[in-house]
Amino acid sequence: MKKISNAGELLWLFGNIFVALGVAICSKANLGVSMIAAPAFVVFDAIAPFSKLLSVGVIEYIIQGFILVLLCAIVRRFNWRYLFAFAVAVIYGYILNFFLWILGGIEVNAVWIRWVMLVVGDICTAFGVACFFRTYMPLQVYELFVAEASDRFHVNINVMKWIFDISLLVLTIVLAVVLFGKDGSFDWSTIGNSSFHSIGLGTIVTTAINSPIISLMGLLIDRYFDKSPKFLRIAIFFKGKRNVD
């Protein structure tokens, strides 16, 4: 089958849409969202009773802003193009809000259907992340962090992704315990069919399977898409001529 040519920009668009869609689907499954998305949902649950001004999407790009600062400290450099990653985070935040709004009225009670939703959401998210890794366009801060840290420390990008995911999982658990650990709402007996402030068994499962699925989605993308840019001048602006050729 002939590849879709010059799909660099299309893959970027797919990355934003499919990651946001996947997160929204996992959130609706109520089994625990991915470790990447979970911090924003936990913080939102803590803030929501006091303010309606901050949505999940807005909190999401604020968190990505903090992670961008952390990236610069870790790799010991700042590239002005990193700021485009924050711009992408803002775009992604509002796409996520849109999908959360679209799915807001759907109610699913059957546990097995919600587990199917979680897997579908994980696949959508993994496809989106794999798309981001294959486009010259600015990445979200999460993917930028993985790519830049992988390059800085000469670690395989899939291994670095796994390390990053585990780190965010630990951070999310700490946040949930600190913010909600004393309210008595956590129940071990429901861990397989509901989440605790967007953290649940589904979060653990996603952490375990995320990197392998991203790798598989990457193979699928490489088979059907040519990641070269359609707009060469834009590609040179973002990456430089040597990296585009």
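Is H154 buried or exposed? H154 is exposed, at a relative accessible area of 75%, where exposed means over 50%, buried under 20% and partly exposed anything in between (1.4 Å probe, protein chains only). Before going on, note that this is a predicted model, in which local features need pLDDT of at least 70 and side-chain atom pairs count only at pLDDT 80 or more, while totals for chains, interfaces and linings use all residues. Numbering runs from 1 along each chain as its sequence is written, and side-chain values use heavy atoms, with hydrogens and water left out.

H154 sits in the loop between α6 (141–153) and α7; helices here are DSSP runs (H or I, at least four residues), numbered from the N terminus. Most residues other than glycine have a negative phi.

| Residue | Relative accessible area | Class |
|---|---|---|
| N6 | 33% | partly exposed |
| C72 | 17% | buried |
| C131 | 0% | buried |
| L219 | 59% | exposed |

**Helices α5 and α8**

Helix α5 (residues 111–132) packs on α8 at an angle of about 45°, with the axes 8 Å apart. Those axes are lines fitted to C-alpha atoms over the stretch in contact, and angles run from 0 to 180 degrees between N-to-C directions. The pair is therefore oblique, the class left over once under 35 degrees is called roughly parallel, over 145 roughly antiparallel and 65 to 115 roughly perpendicular. Contact (heavy atoms within 4.5 Å) involves residues including W115, F127 and C131 of α5 and L201, I213 and M217 of α8. By type, the contact residues split into 15 nonpolar, four polar and one charged; Ala, Val, Leu, Ile, Met, Phe, Trp, Tyr, Cys and Pro count as nonpolar, Asp, Glu, Lys and Arg as charged, and the others, Gly among them, as polar.

L219 belongs to α8, which spans residues 201–224.

**Cysteines and α2**

How many disulfides does a search of the whole structure find? It finds zero, taking a disulfide as a pair of cysteine sulfur atoms within 2.5 Å. For C131, the nearest cysteine sulfur is that of C124, 11 Å away.

Over in helix α2 (residues 38–47), A38, P39, A40, F41 and V42 are buried. Their cover includes α1 (8–29), α3 (56–75), α4 (82–103) and α7 (157–180).

How values were computed: Helix = DSSP H or I, 4+ residues; strand = E, 2+ residues; numbered from the N terminus.
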